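Trainee: Hi, could you walk me through this model? I'd like to ask things as we go.
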Amino acid sequence: MLTHFLSYFLAGKSLEELKQTVTVGNCKKTPCRLRKRRTVQVEFKFTPDREVKSLKNNVNAIIVGLPFPFIGVDGTDACSQLYETDGTTKASCPLKAGTEYVYKNQFDVLQIYPVVS
């Protein structure tokens with residue numbers, strides 16, 4: 001899930017700070033309800049505390065306590081979804097320690113995903 005990526009880069013921040021940093025579609029509060037057959041936008045800012053040579057997406061939904069990967073996103077290269085702080089200028093790996101970046105991605109919520117409440 002994004003939490004693995006976030007916990008690595010945003011360690012030491014409170015849950016409220018993380019909620020203000022991460023945008024998932026038009027979700028206003030957690031847990032976010034994702035609708036099938038829709039594309040969800042994800043965006044957050046982060047600052048690595050050391051040089052990072054490469055990144056992989058780790059995107060899962062937790063359903064009845066088990067992680068279910070988002071097909072076509074989970075395990076893919078994350079370096080291509082990185083931007084400078086203006087949000088429009090592309091950045092790439094390796095990432096410099098102490099430099100703020102913006103991660104932007106989108107993924108489809110497929111019809112085959114289970115319904116949860």
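Trainee: What share of the 117 residues in the chain is buried?

Mentor: Buried residues come to 32% of the 117; buried means under 20% relative accessible area, exposed over 50%, and partly exposed in between (1.4 Å probe, protein chains only). This is a predicted model, where local features need pLDDT of at least 70, side-chain atom pairs count only at pLDDT 80 or more, and totals for chains, interfaces and linings use all residues. Residues are numbered from 1 along each chain as its sequence is written, and side-chain values use heavy atoms, with hydrogens and water left out.

Trainee: Okay, and how many helices and strands are there?

Mentor: The chain has two helices and six strands, in the order α-α-β-β-β-β-β-β. These are DSSP runs, with at least four residues (H or I) for helices and at least two (E) for strands, numbered from the N terminus.

Trainee: Which strands does S2 pair with?

Mentor: S2 (residues 38-46) pairs with S1 (residues 22-24) in the antiparallel sense over three bridges; pairing takes at least two DSSP bridges between two strands. Val24 is opposite Val42 in S2 there. S2 also pairs with S6 (residues 101-109), again antiparallel, over nine bridges, and Gln41 sits opposite Gln106 in S6.

Trainee: New topic: is Phe68 buried or partly exposed?

Mentor: Phe68 is partly exposed, with a relative accessible area of 38%. Phe68 lies in strand S4 (residues 66-69).
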